[in-house]
Amino acid sequence: MGRVTQWLYRIAGVALVFGLTAGSTPLPSGSGQAPYVLAETAPHQVVRILLIGPPGAGKSTQAMRLATAYGVPSISTGQLLREAAAAPTAQGSDLKATLDRGDLVADDIVIALLKERLKKPDAANGWVLNGFPRTLMQALALDHLLVDAQQAASLVVALQVPEKVLVDRLVHRLVCPTCGRSYSAESSPPAKPGLCDADGATLVQRPEDGAKSAARRVEDQGRLNEEMKAYYGGRDMYLSVDGSQSVEAIQREIVKALKKRPG
Ligand SMILES: [Zn+2]
């Protein structure tokens with residue numbers, strides 16, 4: 001047996017052993033798919049997830065878990081705006097003034113920031129977009145952006161939680177002023193009380209999470225949610241999830257739906 005042939009046999013042997021231990025199954029020829037069974041989470045799949053739902057529905061927690069599971073960035077427009085506002089430019093200081101007043105930022109600014117963010121290399125295999133779009137206009141603009149960027153969304157996940165539960169969650173919510181992570185005393189407490197797991201910053205309650213304004217926000221969001229449902233509801237990629245389940249159960253449901261999606 002020649003040297004080259006020996007090597008080939010060896011490589012084939014290693015590949016076979018690796019294949020068996022990795023639990024691979026032969027696929028029908030011509031399927032064009034990678035020859036391995038996808039694990040509970042599928043890191044090799046391109047996933048682009050829109051995570052929508054009212055405040056307190058658990059979007060941030062889920063976005064973080066999905067981003068980790070699939071090795072893609074979790075993107076929130078709130079975070080993008082905070083970063084842009086910190087830039088030492090005229091646009092940055094305009095933006096900062098708007099955010100400091102608590103005013104809404106125009107959609108075209110948000111969309112432009114998002115467009116730049118989705119071009120970054122870490123977003124090549126997908127992303128989780130946390131809390132966007134919130135309105136019909138934003139959904140339309142996002143659709144245009146994604147067509148231009150040739151980044152079709154894999155799944156729109158709408159987290160549904162009863163209003164009473166939402167208000168209760170918001171009132172008990174603490175957020176990190178540095179990285180935007182949110183925590184809940186009952187369902188997802190930080191490792192050290194009052195401090196962010198990621199950066200150790202002191203957690204705060206957002207002013208808008210106070211009881212009265214929380215109730216109003218939840219009601220407003222309920223209406224917007226209906227708009228989102230009307231817009232995305234008829235598509236294959238729309239998944240309505242009961243957000244009052246455990247975070248693990250919610251994630252399982254999303255992963256299961258993603259396995260059925262192309263990408
Ligand atoms: Zn933090």
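Strands β2 and β3 (residues 126–130) pair in the parallel sense over three bridges, where pairing requires that DSSP finds at least two bridges between two strands. Across this pairing, Ser76 stands opposite Asn130 in β3. The model is predicted: local features need pLDDT of at least 70, side-chain atom pairs count only at pLDDT 80 or more, and totals for chains, interfaces and linings use all residues. Residues are numbered from 1 along each chain as its sequence is written.

**Overall content**

- The protein has nine helices and seven strands; helices (H or I, at least four residues) and strands (E, at least two) are DSSP runs, numbered from the N terminus.
- Of the 263 residues in the protein, 27% are buried. A residue is buried if 20 or more other C-beta atoms lie within 10 Å of its own, exposed if 12 or fewer, and partly exposed in between, with C-beta atoms placed from the backbone.
- Among contacts between residues at least 6 apart in sequence, 72% join residues at least 24 apart. Two residues are in contact if their C-beta atoms, placed from the backbone, lie within 7 Å.

**The sheet**

- Five strands form an open sheet in the order β2-β3-β1-β4-β7, with parallel pairing.
- β2 (74–76) and β7 (238–242) stand at the edges with a single partner strand each, so one side of each is left without a neighbour in the sheet.
- Neighbouring strands of this sheet are turned by 25° against each other on average, direction ignored. Axes are lines fitted to C-alpha atoms, for helices over the stretch in contact, and angles run from 0 to 180 degrees between N-to-C directions.
- β1 (residues 47–52) runs parallel to β3, joined by five bridges, and Leu51 has Asn130 as its bridge partner in β3.
- β1 also runs parallel to β4, joined by four bridges, and Ile52 has Ala158 as its bridge partner in β4.
- Six of the six residues of β1 are buried.

**Helix packing**

- Two packed helices are described by the angle between their axes and the distance between the axes.
- The axes of α7 (residues 163–171) and α8 (residues 211–232) come within 9 Å and cross at roughly 135°. These two helices are therefore oblique to each other; angles under 35 degrees count as roughly parallel, over 145 as roughly antiparallel, 65 to 115 as roughly perpendicular and the rest as oblique.
- Residues making this contact include Leu166 and Leu170 of α7, and Ala214 and Val218 of α8.
- α2 (residues 59–70) and α9 (residues 247–259) pack at an angle of about 55°, with their axes 10 Å apart, which makes α2 oblique to α9.
- Thr61, Gln62, Arg65 and Leu66 of α2 meet Val247, Ile250, Gln251 and Ile254 of α9.

**Loop details**

- A cis peptide bond, with omega about 0°, joins Phe132 and Pro133. Pro133 is found in the loop between β3 and α6 (136–148).
- Gln150 has a phi near 50°, a positive value in a residue other than glycine. Gln150 is in the loop between α6 and β4 (155–160) and counts as exposed, because it has 6 C-beta neighbours inside 10 Å.
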